[in-house]
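Colleague: Could you walk me through the model and tell me what stands behind each term you use?

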Amino acid sequence: MTRVLILFGPPGAGKGTQASRLSAALALPHVSTGDLFRENRAKGTPLGKKAQTFMDAGQLVPDDVVLDMLFDRTSKSDCREGYLLDGFPRTIPQAEALSKRLAATDRVSVLNLIVPDDVLLERITGRRSCKACSNVHHVRTAPPKAPGRCDKCGGELVQRTDDTTEVFGKRLSVYRQQTQPLEGWYGRAGNLVNVDGNRAPDVVFEELRQKAFPEQRGGRV
Ligand code: AMP
């Protein structure tokens, strides 16, 4: 049986931050499609170049590109027992493709982080990400000890090109149109749990950890 935990929610909801903590707590690899694209971009691979224009415009990378990359990652041996998805699925066809890959006995759990739009904007525009290890700081709420340097690895902190106010607006509208319908999709299957993401990270983490794989809920959808 494979356990698949999906962290769901708009940009800035805290998926990445919580996913890395949950990954350690549940001993499941953290698979972030956004991070995979950024790694490919940094290395200048054809995949990274293909994704770049979409990412910089706040648009979704086409499904076929995302699916090839994701399934390549989840077919690695460390994902055999399960994995934690951050930023995937983002469209109904992506969710359908994932569903087809899983066996009837596999478990899927979706945790939906709810955060008001004004808080999302504040989090996204203040976010500074480490170029080396993807660790995230925030200029106001989680400033680094040394200016411009990641607390974890000392790497350079930068603002992601898609973390500007303008691109955030586009990403949020893409989320509402193409991604949010998945709430209904997973909700109908009984796999979705809403969690208030507008609280201290430790409080949110504790609730997510407790609700990650509740018994007696839906399996594969
Ligand atoms: P994220 O780091 O999850 O905010 O993703 C950054 C960007 O990568 C998104 O705005 C999309 O352009 C692209 N991306 C990441 N995951 C997906 C996905 N599942 N489907 C389509 N595009 C994606």
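Colleague: Which residue is the bridge partner of C130 in β7?
Modeller: The partner is L157. Residues are numbered from 1 along each chain as its sequence is written, and side-chain values use heavy atoms, with hydrogens and water left out. Please keep in mind that this is a predicted model, where local features need pLDDT of at least 70, side-chain atom pairs count only at pLDDT 80 or more, and totals for chains, interfaces and linings use all residues.

Colleague: What makes β5 and β7 a pair?
Modeller: Two strands pair if DSSP finds at least two bridges between them. Strand β5 (residues 127-130) and β7 have two bridges, in the antiparallel sense, so they meet that definition. β5 also pairs with β6, antiparallel and over three bridges; there R128 stands opposite H137.

Colleague: And what makes β5 and β6 a hairpin?
Modeller: Five residues lie between these two strands, and S134 in the turn has a positive phi of about 70°.

Colleague: Why is one side of β6 and of β7 left without a neighbour in the sheet?
Modeller: The open antiparallel sheet has the order β6-β5-β7. β6 (136-138) and β7 (157-158) are at its edges, so each has a single partner strand. Helix α6 (residues 117-126) packs on this sheet and touches β5 and β6, where contact means heavy atoms within 4.5 Å. The direction of α6 makes about 45° with that of β5; such angles run from 0 to 180 degrees between N-to-C directions, with axes fitted to C-alpha atoms (for helices, over the stretch in contact).

Colleague: In what order do the five strands of the parallel sheet come?
Modeller: The order is β2-β3-β1-β4-β8, and this sheet is open too. β2 (30-32) and β8 (192-196) are the edge strands, each with a single partner, so one side of each has no neighbour in the sheet. The twist averages 25° from one strand to the next. Inside the sheet, β1 (residues 3-8) and β3 (residues 82-86) run parallel and share five bridges, with R3 partnered by G82. Helix α9 (residues 201-211) lies across β1, β4 (107-114) and β8, at about 165° to β8.

Colleague: How do you describe the packing of α5 and α8?
Modeller: Two packed helices are described by the angle between their axes and the distance between the axes. For α5 (residues 92-101) and α8 (residues 181-188) these are about 30° and 10 Å. The contact involves I92, A95, E96, L98 and S99 of α5, and P181, L182, W185 and Y186 of α8. They divide into seven nonpolar, one polar and one charged.

Colleague: How many residues surround the ligand, and which element gives the most to the shell?
Modeller: There are 16, the closest being T33, R38, Q59, G87 and R90; a residue counts if one of its heavy atoms lies within 4 Å. Helix α2 (residues 33-43) gives the most, with four residues. The shell holds six nonpolar, five polar and five charged residues.

Notes
Nonpolar A, V, L, I, M, F, W, Y, C, P; charged D, E, K, R; others polar.
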